[in-house]
Amino acid sequence: MSDSDKDGARPRRSSEGSRPIANAALEQRRELSGTAASPGVGIGHAYVIDRRHFHVPRRAIAGGEADGEVARFALGIGRTHAQLEAIKNRLPHGEHRAILEAQQLMVQDPDLRQRVEALIRDENISAEWAVDRVAGEIRETLERADDEYFAERSSDIGFLAERVLLHMSDQGDGELQPPPGSVVIAHDLSPADTAELARAQVVGIVTGVGGQTSHSAIMARSLEIPAVVGVEDILAHVQSGDTVVVDAIDGRILVRPTAAELESWQHVRARYDVFEERVQREHGLPAIAKDGTHIVLRANVALEAEIASSLFHGAEGVGLYRTEFIYMDREVPPTEDEHYRHAKQVLRRVAPHPAVFRTFDLGSDKPTDLVRYGEREHNPAMGLRSLRLALRERNMFITQVRGLLRAAVHGPLRIMLPLVSGVGELRAALAAIAEARSQLESERIAHAQSVPIGIMVEMPSAALVADVLARHVDFMSIGTNDLIQYTLAIDRTNDEVSYLYRPLHPAILRLIHKVSAAGKAAGINVSLCGEMAADPRYTWVLVGLGVRELSMHPSAIPVIKNIIRGSTLSDMEALAREVLEVEDAEDAEVRVLEIMERRFPEHLQHGGGQRFVNEGRPRRAAEAQEDGG
């Protein structure tokens with residue numbers, strides 16, 4: 001694009017709904033794979049949406065045009081907000097409405113508006129160009145995050161900018177109208193798009209990009225639409241009208257299936273629906289094993305919008321509330337009042353259950369412009385991040401803690417410190433918390449006198465001295481994602497070594513057992529909030545090792561709950577004792593799979609672990625190395 005795009009006073013995009021393509025490959029049966037983002041099986045005719053060629057004109061303006069451009073920008077903002085309001089009001093109450101409310105707040109963000117208006121006036125550029133520039137800068141910041149959750153937020157900014165641009169140009173409102181029973185195929189979809197698709201009664205969604213934590217994926221789960229995301233080049237393989245099977249259990253897409261395949265998948269869909277109905281029927285019941293042992297299941301969330309879904313799926317509170325998002329893409333840190341209001345709102349939504357707030361875990365895969373120390377670190381995962389960053393930026397840390405302590409008068413709030421390496425670091429953090437409390441007392445500001453303080457155990461050093469750390473805190477939570485990564489010295493996102501990521505490695509099992517035992521000896525609760533908690537394969541092992549609280553993404557809760565309700569503690573402890581004695585991860589995986597296949601085959605097939613089952617017995621590391629992992 002260039003300033004010479006004189007025809008481009010208005011943004012343009014390609015047509016939707018139909019896409020005539022002359023390609024022999026499109027006549028053939030094709031199977032594709034991606035990431036299962038919302039479970040289920042959908043079968044229908046494809047409705048293709050292609051917005052990849054959205055064009056933003058770049059036009060310089062005369063100084064006297066600035067007021068008019070600012071007014072057009074304000075009109076685009078207003079129309080976008082009104083459109084989101086209309087879509088939201090057509091939906092039932094739930095998580096999806098909260099996500100759209102969050103989008104409305106984003107589009108009205110004062111900082112965003114000021115930045116766009118400043119560009120229009122200071123650089124004499126059109127409103128479209130200014131919106132595109134600011135949206136691009138925000139997206140670039142978010143895309144620098146290796147953490148999937150934060151990187152996914154960059155898409156939200158792009159979607160909102162696109163809607164504002166459309167409304168500024170008077171070229172349609174961007175709403176979709178697929179026929180009922182369609183499978184929607186797109187490069188990407190916004191939360192508002194997804195909400196409209198639910199109203200249109202589509203039976204499946206497939207996108208070329210996106211991940212489990214994208215807002216459109218969260219919306220699809222909330223609205224119970226089977227969805228597979230991240231299917232590479234999906235638009236090159238499907239055209240409107242094709243028959244498509246969406247296997248959102250294992251993340252597969254079957255395009256133009258044979259008659260026999262279609263009949264087979266219709267049976268799979270029927271069996272899945274029966275299983276789902278049975279499991280969901282118990283989602284509101286507590287996870288009490290047959291012998292009476294209560295395992296508390298909570299949810300990992302990062303936005304208020306996810307709390308409604310958590311409670312709907314049977315969560316007994318929030319076991320991990322990520323507070324990093326409030327720091328993203330800002331020029332100044334959030335104030336104490338912002339922390340207070342945000343936490344108070346979370347507590348109100350999750351009441352009467354508790355919410356565990358993790359203090360900011362910035363740095364490494366969650367970059368922020370708020371604090372910078374020299375050049376980019378060569379190894380940020382082991383650099384100035386998380387609690388060590390909080391202790392360096394002590395005032396910013398105390399500000400957050402003050403806000404949380406004040407909010408705690410409104411409900412059962414708990415504070416959790418991430419990436420604690422040892423007791424010295426813990427003492428420094430506790431001293432900062434004590435100072436925050438002392439400040440509030442001296443200033444006579446209302447705050448909770450007693451707030452449980454806990455730590456995340458996600459480094460081997462912390463696990464090995466868990467007995468010492470347990471004397472200083474009220475609870476501990478095992479973060480298995482980092483614990484596995486640091487203990488086994490592997491980057492699970494690195495395809496060259498990902499085969500070494502083994503949650504049932506004897507070292508991991510012994511560390512989890514050690515932390516659980518330390519918590520029990522100290523009389524404090526030990527929970528687990530890593531991805532292991534959501535995988536049905538590991539439920540027996542974790543409970544058997546002594547973990548009595550699991551925190552996971554909300555949609556996993558009903559299946560894990562059903563497994564616990566169908567088990568006894570003695571059976572789970574027996575399996576844990578058995579795998580603690582094995583010499584390598586493969587032996588533990590084989591034994592665990594034998595038990596789970598025999599006792600809960602449907603749960604593995606429908607609620608998780610399907611890929612593990614499909615691949616058969618775990619391969620030896622040597623075999624994996626021979627064929628490239």
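Reader: What share of the contacts in the protein chain with a separation of 6 or more comes from residues 24 or more positions apart?

Author: The model is a predicted one, and its protein chain is made up of 24 helices and 17 strands. Among the contacts in this chain with a separation of 6 or more, the part that residues 24 or more positions apart account for is 71%.

Reader: How much of the protein chain is buried?

Author: A residue is taken as buried when its relative accessible area is under 20%. Of the 629 residues in the protein chain, the buried ones make up 56%.

Reader: Which residues of helix α8 are buried, and within what arc do they fall?

Author: Helix α8 runs over residues 259-280 and spans 31 Å from its first C-alpha to its last, close to the 32 Å expected. Its buried residues are Trp265, Val268, Tyr272, Phe275, Glu276 and Val279. Seen down the axis of α8, these buried residues line one face of the helix, because they fall within an arc of 100°.

Reader: Is Glu232 buried or exposed, and what is its relative accessible area?

Author: Glu232 sits in the loop that joins β7 (227-229) and β8 (243-247). Leaving aside neighbours within four places in sequence, Glu232 is in contact with Gly208 and His237. Since the cut-off for exposed is over 50%, Glu232 counts as exposed, with a relative accessible area of 62%.

Note on methods:
Residues are numbered from 1 along each chain as its sequence is written. This is a predicted model: local features need pLDDT of at least 70, side-chain atom pairs count only at pLDDT 80 or more; totals for chains, interfaces and linings use all residues. Side-chain values use heavy atoms; hydrogens and water are left out. Helices (H or I, at least four residues) and strands (E, at least two) are DSSP runs, numbered from the N terminus. The expected span of a helix is 1.5 Å times one less than its number of residues. Buried means under 20% relative accessible area, exposed over 50%, partly exposed in between (1.4 Å probe, protein chains only). The arc is that of the directions from the helix axis to the C-beta atoms. Contact means heavy atoms within 4.5 Å.
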